[in-house]
Amino acid sequence: MDEQAAGFAAWMTMMRVHQQIQQRVIDLMALHGLTLAQFDVLLRLHYEEGITQQQLADRMLVTKGNMTGLIDRMERQGWVERRADEQDRRSHLLYLTESGRSKIIEILPQHKNQIWDLMNLLSPGQQKNLLELLQQLENLLKTKTEN
């Protein structure tokens, strides 16, 4: 197999693995009445409350327009709230409500166990090697994008 074919095969395999893991996560979230995007918002705000919709959209790699609709729906569900930014009256900061906080705290251990079980199909050494290779690729992509 030549270098180009090996690179393409690696990318295809990475995409298939991602899809298989993502489908399992989607199935778990559905049991809790969440979409994958809603879970992502709850998770990100769990770790970083008080960010703007634009910052959240940037982190999730979606448009601000898509984020607005998602946050509108999650606000109606009672999981997220917008608060005026005292530094910039044009912006709103996003926070979890008590209901949103309870939801992510309920789901997070199940999600972590699910990922743990899937990743433990590889040995600890294989997991470390995979992490190192993915980090190298991520860093190279960042460097290439910056140039």
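Which residues have the most contacts inside the largest nonpolar core? They are Val41, Leu42, Leu56, Met67 and Val80, in a core of 24 residues.

## Basis of the model

This is a predicted model, in which local features need pLDDT of at least 70, side-chain atom pairs count only at pLDDT 80 or more, and totals for chains, interfaces and linings use all residues. Residues are numbered from 1 along each chain as its sequence is written, and side-chain values use heavy atoms, with hydrogens and water left out.

Helices (H or I, at least four residues) and strands (E, at least two) are DSSP runs, numbered from the N terminus.

## The nonpolar core

A nonpolar core here is a set of buried Ala, Val, Leu, Ile, Met, Phe, Trp, Tyr and Cys residues joined through side-chain atoms within 4.5 Å. Buried means under 20% relative accessible area, exposed over 50%, and partly exposed in between (1.4 Å probe, protein chains only). The largest such core holds 24 residues. At least two residues each come from helix 1 (3-31), helix 2, helix 3 (53-60), helix 4, strand 3 and helix 5 (98-119). Helix 2 gives the largest share, 5 residues. In soluble globular proteins, nonpolar side chains tend to be buried together.

Met67 is among the core residues with the most contacts. Contact means heavy atoms within 4.5 Å. Setting aside residues up to four places away in sequence, Met67 touches Val41, Gln53, Leu56, Ala57, Met60 and Val62.

## Helix 2 against helix 4

Two packed helices are described by the angle between their axes and the distance between the axes. Axes are lines fitted to C-alpha atoms, for helices over the stretch in contact, and angles run from 0 to 180 degrees between N-to-C directions. Helix 2 (residues 36-47) packs on helix 4 at about 80°, with the axes 11 Å apart. The pair is therefore roughly perpendicular (under 35 degrees counts as roughly parallel, over 145 as roughly antiparallel, 65 to 115 as roughly perpendicular and the rest as oblique). Helix 2 contributes Ala37, Gln38, Val41 and Leu42 to the contact, and helix 4 contributes Met67, Leu70, Ile71 and Met74. These residues split into 7 nonpolar, 1 polar and no charged. For this count, Ala, Val, Leu, Ile, Met, Phe, Trp, Tyr, Cys and Pro are nonpolar, Asp, Glu, Lys and Arg are charged, and the others, Gly among them, are polar.

Met74 sits in helix 4. Its relative accessible area is 0%, so Met74 is buried. Beyond its neighbours within four places in sequence, Met74 contacts Gln38, Val41, Leu42, Trp79 and Val80.

## Helix 2 against helix 5

Helix 2 also packs on helix 5, at about 100° and with axes 10 Å apart. These two helices are therefore roughly perpendicular as well. On helix 2, the contact uses Phe39, Leu42, Leu43, His46 and Tyr47. On helix 5, it uses Gly100, Lys103, Ile104, Ile105, Ile107, Leu108, His111 and Lys112.

Three strands form an open sheet in the order 1-3-2, with antiparallel pairing. Strand 1 (51-52) and strand 2 (80-84) are at the edges with a single partner strand each, so one side of each has no neighbour in the sheet. Two strands pair if DSSP finds at least two bridges between them. Strand 1 and strand 3 (residues 92-96) share 2 bridges. Ile51 has Leu94 as its bridge partner. Helix 4 (residues 64-77) packs on the sheet, touching strand 2 and strand 3, at about 110° to the direction of strand 2. Strand 2 and strand 3 are joined by 5 bridges. Here Ala84 is partnered with His92.

## The loop residue Ser91

Ser91 lies in the loop between strand 2 and strand 3. Its relative accessibility is 19%, so Ser91 counts as buried. Not counting residues up to four places away in sequence, Ser91 touches Thr52, Arg83, Ala84 and Asp85. Ser91 and Gln54 are 37 residues apart along the chain, with C-alpha atoms separated by 9.1 Å.
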